[in-house]
Amino acid sequence: MPNPKRPAAADRPKQSRWHRPLRDAWVVRLNIDGVTPLPRMLLLSEFLLHADFQVELDGPVFIAAGDRVFYEDGGVVVTRSTGKQYKHPIRDSY
């Protein structure tokens, strides 16, 4: 028996799984020590450096697999596998 509260499949708008809104952020544990290469690519916008110290970046940063990341006063430094370093400023830390 069809559910009267839910429209029939033909009446619902089709939605691709790639175009659904982001509901939850993924929580990933990373070593931000400047030595350990990251196992996968990710988009980093904020992170918890210590149990009581959170860092928000000025804008999201794309980090490729194999990059190394470390926190420095006033920013996050990403070291690519080529050895080139990129510094990204933080917006807030608390």
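How many salt bridges does a search of the whole structure find? The search finds three salt bridges, and the legends below treat them together with the strands and aromatic rings of this predicted model.

**View 1. The salt bridge between E56 and R91 joins two strands.** In this pair the closest N and O atoms are 3.9 Å apart. Because E56 belongs to strand 2 and R91 to strand 5, the contact ties together parts that are 35 residues apart in sequence. E56 is buried, at 17% relative accessibility, whereas R91 is exposed, with a relative accessible area of 56%. E56 also has a bridge partner in strand 5, namely D92. Strand 2 (residues 53-63) and strand 5 (residues 85-93) pair in the antiparallel sense, over three bridges.

**View 2. The salt bridge between R80 and D67 connects two loops.** The side chains meet at 2.4 Å, N to O. R80 lies in the loop between strand 4 and strand 5, and D67 in the loop between strand 2 and strand 3, so the pair ties together parts that are 13 residues apart in sequence. With a relative accessible area of 2%, D67 is buried; R80 is partly exposed, with a value of 24%.

**View 3. K87 and E72 form a salt bridge.** Here the closest N and O atoms are 3.4 Å apart. K87 is a residue of strand 5 and E72 a residue of strand 3, so parts 15 residues apart in sequence are tied together. At 33% relative accessibility, E72 counts as partly exposed.

**View 4. Strand 4 and strand 5 form a hairpin.** Five residues lie between the two strands. In the turn, G83 has a positive phi of about 100°. The strands run antiparallel, and five bridges join strand 4 (residues 75-79) to strand 5. V78 stands opposite Y86 of strand 5.

**View 5. F47, F53 and Y71 form one aromatic cluster.** The structure holds two aromatic pairs. F47 and Y71 are edge-to-face, at 6.5 Å centre to centre and with 75° between the planes. This pair links distant parts of the chain, with F47 in strand 1 (residues 42-50) and Y71 in strand 3 (residues 68-72), 24 residues apart. F47 counts as buried, at 8% relative accessibility. F53 and Y71 are likewise edge-to-face, at 6.0 Å centre to centre and with 70° between the planes. This second pair also links distant parts of the chain: F53 in strand 2 and Y71 in strand 3 are 18 residues apart. At 24% relative accessibility, F53 counts as partly exposed.

**View 6. L48 touches F53 and Q54.** These contacts leave out residues up to four places away in sequence. L48 is found in strand 1 and is exposed, with a relative accessible area of 55%. The C-alpha atoms of L48 and I32 are separated by 10.0 Å, the two residues being 16 apart along the chain.

**View 7. M41, L43 and F62 make a nonpolar surface patch.** The patch covers about 360 Å². F62 has its place in strand 2 and counts as partly exposed, at 45% relative accessibility.

Notes:
Residues numbered from 1 in each chain as written. Predicted model: local features only at pLDDT ≥ 70, side-chain atom pairs only at ≥ 80, totals over all residues. Heavy atoms only, no water. Pairing = 2+ DSSP bridges. Helix = DSSP H or I, 4+ residues; strand = E, 2+ residues; numbered from the N terminus. Phe/Tyr/Trp six-rings, centres within 6.5 Å; stacked < 30°, edge-to-face > 60°. Buried < 20%, exposed > 50% of the residue type's maximum accessible area, 1.4 Å probe, protein only. Patch = residues over 30% accessible without salt bridge, like charges linked within 9 Å, V, L, I, M, F, W, Y side chains within 5 Å. Areas by Shrake-Rupley, 256 points an atom, 1.4 Å probe, with all protein chains shown as cover. Salt bridge = Lys/Arg side-chain N within 4 Å of Asp/Glu carboxyl O. Contact = heavy atoms within 4.5 Å.
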